[in-house]
Amino acid sequence: MGIIDPIARDPSSGHRVYSDKDIESLTTIACLAATGMPLESMREYLKNRFDGPEGARRQIELLDAQSLRLAAKAEALRIQQAYVSLKSLYWRAIAEGHEDEANRILEENKDVIENVKKQPGKGAIAR
């Protein structure tokens, strides 16, 4: 994948021999991957580590971009959670025979339904 340098092998056993630098790189990759950072950004991040102040500026740009991606994901999850909560209230009202209450819940939460419809690849589930 081109993210880390090839790992050395023990000549007698053929097993990989990880240096401290390899372990540090793998740990960094694991942390970045846990944030959902794209592979290309991870590659760039690893290259920038040793480029002094200019590399640090590029790291900030990469991390700021990832922060924005995560904020957008968090907002999408917030919208989805609001939708699930309102649908739960709706169906609870239906189950209890309170159709007027169920309709009021839908009416008062049109914005939530519209927001979930606007999410890429998502759509409101019909009643």
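Predicted model: local features only at pLDDT ≥ 70, side-chain atom pairs only at ≥ 80, totals over all residues.
Helix H1 spans residues 20-34 and has 15 residues. From first C-alpha to last, H1 reaches 21 Å. That is close to the 21 Å expected at 1.5 Å a residue. Five names make up the buried set of H1: Asp-22, Ser-25, Thr-28, Ile-29 and Leu-32. These residues cover an arc of only 130° around the axis, so they sit on the same side of H1. The other side of H1 carries exposed residues, namely Asp-20, Cys-31 and Ala-34. The packing partners of the buried residues of H1 are strand S2 (16-17) and helix H2 (39-48). After H1 comes Gly-36, with a positive phi near 85°.

The largest nonpolar core holds 11 residues. Its members are Ile-79, Tyr-83, Leu-86, Tyr-90, Ala-93, Ala-102, Ile-105, Leu-106, Val-112, Ile-113 and Val-116. At least two residues of this core come from each of helix H3 (52-95), helix H4 (99-108) and helix H5 (110-118). H3 gives the most, with five residues. Leu-106, a member of this core, is in contact with Leu-86, Lys-87, Tyr-90 and Ile-113, leaving aside neighbours within four places in sequence.

Another core, of eight residues, lies apart from the largest one. Among its members are Ile-29, Leu-32, Met-37 and Leu-46. Ile-29 and Leu-32 are also among the buried residues of H1. In soluble globular proteins, nonpolar side chains tend to be buried together.

Definitions and conventions:
Residues numbered from 1 in each chain as written. Heavy atoms only, no water. Helix = DSSP H or I, 4+ residues; strand = E, 2+ residues; numbered from the N terminus. Expected span 1.5 Å × (residues − 1). Buried < 20%, exposed > 50% of the residue type's maximum accessible area, 1.4 Å probe, protein only. Arc of directions from axis to C-beta. Contact = heavy atoms within 4.5 Å. Core = buried A, V, L, I, M, F, W, Y, C linked by side-chain atoms within 4.5 Å.
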